[in-house]
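Subject: The structure I promised you

Hi there,

Here is the structure for you to open and turn around on your screen. Have a look at it first, and then read on.

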Amino acid sequence: MNRVSPYLLRLILFGSLLSLLPVMFIGAFAYYKASEDVQAKVVERNGQLVRQTQARVDQVLELVEQSVVQFADSPLSKTALRSPLTPEDFVLLNELRSELSGLQKFNLGVTDIHYVNWDKGWYVDNVGWWNPFDREGALSYLEQERSAGSPPWELYEGSLGAGQPESCHFLLLKRLPYLSNAPRGAVASFVSCGHIDKLINEVVYNGLFFVTDERGRIVAANREAAASPRALQAAYDELSVRGGTAAEVSVGGERHLVTRHHSPYTDWTYVLLTPQASVLSESETIRRTAISLCSGILLMCFVLATVGSRRLYDPIRRLQDMMRGESREPAKPRAKNEFITIQEGILDLMNHRKRMTAEMQGQMRRLNHYFVVTLIQEGMRAQDIAEQLRKFDYPKDWKRWAVLVADVERFEETSYPAGDRSLLMFAMQNIAMDMLSPSQRLHPVLMGKYQVTIMADHAEDGSAFERNLLEFAKLFQGNVLSYLKLNVSVGISRVYTRLEDTPKAYKEALEALKYRIKLGHRMVLPIDELEGSTTNRLEVPEKLSGDIIDLVKLGYEEEVMGALEVYFDALFAEERTPLEYQFLLSQLVIGIWNQLGDPVDAEHDPAQDGRSALTQLFELSTKQEIKSWLRDVVVLPAARRRNQRETAHSVKLCQDVKRLVHERYDSDLTLEACSELLNYHPNYIRRVFKQHVGVNFSEYLADYRMERAKYWLSKTDMKIFEIAEKLKYQNSQNFIRSFRKSVGMTPGEYREKHADA
């Protein structure tokens, strides 16, 4: 089923609207007259509600005032006014608080009563008796100036006492003595704003109801008004501008009828804003009647407009169908407007042409990139290169070229995650592309972790080309650091005059980057200035590497670090090629592993990431990186492993020495005898035993013999000379002297003491 055209619908609606004008005029006139009558009735009803609310509020406030006036003129009040109210006046204080508590009628909303005697410097409230009082703090309302003709009630938004939070109240302040020209005190009654709101909300209003005081402040409102403070304030501002005669105001974009009444007692104004829409809802019957009468006329007009609009629409439909048939895009839903369909058809043709052009350009860029990568990696024949240069519209007058290879320094130390490296390399490629015009370079490409740019020169004299290469490399470094916060080094090949030599030039640029081992980070490295400065020496003093290996074997971590520093100073004291540095360093690493047998522990296994240790070594670019790698991956782990093995061996050796002492204490056992039995040098056993046991061999042997002597004295009947002989003492006196020195008593005394026990 075919959908009706939106444009045809607009034609039909336009014709129908022309007929609707007389009907709309009649309906509007009838509706307007009915609304006037309804509005008059609503205004009268709203006036009654407002006056009723004003009377209830005034009645409550007048009752509170009468109670306060009666108390202010009472004998108790006059007596308290003359009293300094010291702790001895507790009877007067209790009576005063009892009277004040009676005045505090919660059904009238009274939340607190203050009796203030500023002549004597004290006041009483719900909390207790305060002497002295803080006129600028809790009783700051006493400083409010009030003229003789001011209304009795005043809005007070402050604290009711020391330590109490600020809150909203209506304040009634009566000076004491009552009707005196020289007051010495006052009675302050506080009625909660919430109580006035409660009185207001007991009446159901059709709209927003609020009360303003003599200063024009909104002091109370019903729930609907309180829920829309911004709309309420906007309505009040409009009333203030237009004056007291305004009959309507706008609230939130909706018109409201205004009903107001003024209270001569409080000097407050009571305002009710009734939505005009709710007033007009009562004239719904008249509106329905008008709509029913107009419907028949509308139907007839619609039929006539439909027939005429179809005749006008037919030529436009034929043009639309033609444009749909020419469109190259897939079928789309029918547009809202036939002219939009025609416009979209034309735009589709134009966009299709633009897309085809963009795809061709993108394809050419990819082919250009492939051409440069192939030229760098594999090389090409001269005729193939010339054909590709013509295809990609490169200049024909180039005379010489050079390859620049950029490498990011210490990427793992930057704030970028590892996954962002490819995006950053692509950004570096774009920087190089923007810095050089197409007449100065081939398309920059990415080769693994390197960014490669082939610069070209067409000048007859090539003397300035090398200077331009250095300037571009330094400027490229600065731009990458500025935009990407990355440090890069740039290797520069020799200038060459045949593009077939590009693979060789690429290798030269990579070789130049390896000189960072000697020169450091963030360098521009032309291969011409580097290769001629080396001495081609492939040796360092054997003693230096031997010292490192010996210290590793002994497990001396601190000493081996010093030896490593000396080795590096000697290694880099001479100018060498990167290949020579790698050769000498690999000799040191292999020498350490060959001597120790087990290169590293599992924690620092250099092959865990899938690359061999020497491969990792060859990928390092600076002296500091190589030194750190040797320290953390090779030297220190090997020294720690050796130290761990040495410790385990020493512990076992000490256990063997102790075992010999326990087995042969009753013989002429010496350290030399133990060394012969265990096949170790006596000095080595002496040092290890002292280090792990804490005492030397002779002390340990003597202590053990004393333990055996104490056991025999306490558990057996052996004679003292027999014990001395068994423990290899020359005579009993020597044994007794040694025993007393060790135990603090003679053998006889020890036996007697432990025999009694």
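Below is what I found, going from the whole chain to a few single residues.

Please keep in mind that this is a predicted model. The protein has 757 residues, and 42% of them count as buried. Its fold is built with 26 helices and 16 strands. The accessible surface comes to about 41800 Å², and carbon and sulfur atoms hold 53% of that. If you take the contacts between residues at least 6 apart in sequence, 62% of them join residues at least 24 apart.

As a reminder, strands of a sheet pair through backbone hydrogen bonds, either parallel or antiparallel. Inside this sheet, strand 5 (residues 166-176) and strand 6 (residues 185-192) are joined by eight bridges. You can find one of these by eye: F170 has V191 in strand 6 as its bridge partner.

Next, which residues of the largest nonpolar core touch the most other members? They are Y115, W153, F170 and I196, in a core of 45 residues. Helix 1 (residues 6-72) gives the largest share of this core, with nine residues. Another core, of 32 residues, lies apart from it and includes Y394, Y450, A505 and L513.

Strand 9 (residues 248-251) and strand 10 (residues 254-262) pair in the antiparallel sense over four bridges, and V251 stands opposite E254. Two residues lie between these strands, and G252 in the turn has a positive phi of about 60 degrees. Strand 10 also pairs with strand 11 (residues 269-275), over seven bridges; one of the pairs is R260 with V271. That hairpin has six residues between its strands, and D267 takes a positive phi near 65 degrees.

Finally, the aromatic rings: the count comes to 17 pairs. The rings of Y156 and F190 have centres 5.8 Å apart and planes at 50 degrees, so this pair is tilted. Y156 in strand 4 and F190 in strand 6 are 34 residues apart, and their pair links distant parts of the chain. Are these two buried or exposed? Y156 is buried, with a relative accessible area of 4%, and F190 is buried too, at 0%. For F689 and Y700, the centres are 5.6 Å apart and the planes at 75 degrees, so that pair is edge-to-face. F689 sits in helix 22 (residues 682-693) and Y700 in helix 23 (residues 697-715), and both residues are buried. There is also an aromatic cluster formed by Y729, F735, F739 and Y750.

Enjoy exploring, and write back with any questions!

Best wishes

Note on methods. Residues numbered from 1 in each chain as written. Predicted model: local features only at pLDDT ≥ 70, side-chain atom pairs only at ≥ 80, totals over all residues. Heavy atoms only, no water. Pairing = 2+ DSSP bridges. Core = buried A, V, L, I, M, F, W, Y, C linked by side-chain atoms within 4.5 Å. Buried < 20%, exposed > 50% of the residue type's maximum accessible area, 1.4 Å probe, protein only. Contact = heavy atoms within 4.5 Å. Areas by Shrake-Rupley, 256 points an atom, 1.4 Å probe, with all protein chains shown as cover. Phe/Tyr/Trp six-rings, centres within 6.5 Å; stacked < 30°, edge-to-face > 60°.
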